[in-house]
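Trainee: I'm new to this one. Could you walk me through how to read it?

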Amino acid sequence: MSQNPLVRPVTRRWLLLAGAAAGAALAFPPILRPAAAFGATHTLSPGPARIRMVGDAHPETTVWAYDGQVPGPQIRVRQGDRLRIEVTNRLAEETTVHWHGLRVPNAMDGVPHLTQRPIGPFETFTYEFDAVDAGTFWYHPHQRSHEQVGRGLHGALIVEEREPVPVNRDLCWVLGDWRLRGDASISNDFGAMMDMSHGGRVGNTVTVNGRVLDEVPVRAGERVRLRLVNAANARIFGLRFQGHRPVVIAIDGHPVEPHEPEDGRILLAPAMRMDLVLDMAGAPGERAAVIDDFHPRLAYRLLDLGYGPDRLRDRPPETPIRLPANPVAEPDLSAAVRHQVTLGGGMMGSMAGALVDGRMTDMRTLLRQGMAWAINGVAAGGADRHGGEASGHVMDPIFTIQRGRTCVIAMANDTAWHHPMHLHGHTFRVLSRNGRPTRFKEWQDTVLLAPRERVEIAFVADNPGDWMFHCHILEHQAAGMMSTIRVA
């Protein structure tokens with residue numbers, strides 16, 4: 001095995017060394033700076049850039065970035081603002097921007113060949129929409145997204161509540177996952193069939209806001225609102241804040257009854273977001289580890305919360321932490337239209353073949369063509385890998401819903417792998433898992449299905465258009481687990 005730390009699994013020692021090597025530059029990392037100024041007019045320019053990702057002991061990493069930053073500029077507005085975002089493409093290939101989780105008009109959704117023509121090199125496209133819902137959202141390309149996101153094109157979009165919960169600091173951690181070589185460059189093996197047909201492209205280096213961190217400075221007694229965004233292609237995070245009791249107040253941007261997560265672990269699949277209230281319960285001078293043990297046998301230390309020498313208060317404040325509800329229509333389950341969605345394919349699965357462009361194709365041929373997954377027996381033609389969703393072919397919807405109707409989708413994961421399923425343009429309630437009602441009926445836009453799991457969701461189809469519905473492990477999407485739902 002190579003002794004270069006960049007090509008080994010992420011370990012406590014590697015994160016310590018890389019974090020320490022960054023020296024004083026990481027003493028007060030970007031996540032601790034004041035939030036960006038409020039505003040409704042923005043510009044973004046995706047293009048090549050170089051960033052110091054893993055410390056001074058290694059070269060800079062060449063990435064694709066918005067405005068030269070990874071993550072891209074944090075867009076922060078207030079609920080009800082109208083956003084106007086001019087995107088000028090500085091890449092040598094086409095791109096788009098999708099506003100993940102935001103309920104935007106169909107023409108602003110950023111899906112190439114479905115909702116817009118891709119933005120060519122040196123072209124400009126203007127997105128304009130209202131920030132209807134408050135919460136933590138993010139933006140990323142949908143053109144060859146498995147590579148464009150994997151090279152660094154992602155950023156946070158925060159819509160402030162009109163009356164936010166009182167906290168001492170409001171922080172955002174955009175979690176990234178990178179497959180780096182020994183010289184800190186990004187491995188070019190995007191689209192490898194092993195990743196496409198198994199668990200997706202999981203890297204060997206994890207970053208918080210584009211850097212490997214050793215420590216985040218905190219103050220004893222302070223209350224922090226911590227916004228977590230999983231911008232990784234495929235890594236699922238299971239975070240434990242040792243010695244602390246995080247309280248979940250929002251999932252995928254939408255308020256939820258404040259609660260401590262089951263067994264204390266924050267589960268965050270690709271594309272999901274989680275807002276926490278974290279009371280800093282440690283003593284001055286202490287360090288508390290944040291551990292990712294989603295895969296217990298591969299657990300590693302992400303970073304430490306490093307307590308400074310002073311104390312802000314002796315006990316947590318008693319101020320309320322429940323967020324006001326967003327204006328999402330409540331599903332009418334008594335009059336719902338029901339549809340079944342079955343996820344199939346992948347290695348160690350039972351799928352013998354799938355329909356591609358109306359033709360039945362056996363699994364061996366699918367794999368040769370770069371496909372491995374299907375929704376309701378239909379594979380989306382390896383679309384995202386080859387120059388646009390469906391390579392310019394508008395996908396037929398798996399079903400059509402009349403506008404204003406409630407839809408219940410019963411999803412069955414008949415594969416050996418996890419799938420975070422994302423529906424564009426809508427927010428849904430998670431009703432049940434494996435036949436058992438969920439405790440909080442969470443509002444989400446991305447729901448994680450474990451292998452062989454059954455999940456029911458419900459939403460009001462109140463946003464007209466053809467909307468993408470896909471797995472947000474981006475290699476799974478690129479290899480066929482992608483479709484559309486029509487609201488007519």
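Predicted model: local features only at pLDDT ≥ 70, side-chain atom pairs only at ≥ 80, totals over all residues.

Trainee: How many cavities of 30 Å³ or more does a search of the whole structure find?

Mentor: The search turns up 4 of them. The largest cavity holds about 60 Å³ of space.

Trainee: Which residues line the largest cavity?

Mentor: Its lining is made of Gly-150, Asp-177, Trp-178, Arg-179, Ile-186, Phe-190, Arg-201 and Asn-233. Sorted by class, that gives 3 nonpolar, 2 polar and 3 charged residues.

Trainee: And the nonpolar cores, how do I read those?

Mentor: Think of buried nonpolar residues joined through side-chain atoms within 4.5 Å. Here the largest core has 38 residues, and those touching the most other members are Trp-173, Leu-226, Leu-239, Phe-241, Leu-302, Leu-303 and Leu-305. Strand 20, residues 300–311, gives this core its largest share, 5 residues.

Trainee: What lies apart from that core?

Mentor: Another core, this one of 32 residues, including Ile-401, Met-421, Phe-459 and Ile-485.

Trainee: How about the chain as a whole?

Mentor: Look for the secondary structure: you'll find 5 helices and 34 strands. Of the chain's 488 residues, 61% are buried. Now take contacts between residues at least 6 apart in sequence: 77% of these join residues at least 24 apart.

Trainee: What does the accessible surface of the chain come to?

Mentor: About 18600 Å², with 51% of that belonging to carbon and sulfur atoms.

Methods: Residues numbered from 1 in each chain as written. Heavy atoms only, no water. Buried < 20%, exposed > 50% of the residue type's maximum accessible area, 1.4 Å probe, protein only. Helix = DSSP H or I, 4+ residues; strand = E, 2+ residues; numbered from the N terminus. 1 Å grid on protein atoms, 1.4 Å probe; cavity = no way out; pocket = protein on both sides within 12 Å on 5 of 7 lines; lining within 4 Å. Points joined across faces, edges and corners; volume = space filled by probe spheres on them. Nonpolar A, V, L, I, M, F, W, Y, C, P; charged D, E, K, R; others polar. Contact = heavy atoms within 4.5 Å. Areas by Shrake-Rupley, 256 points an atom, 1.4 Å probe, with all protein chains shown as cover.
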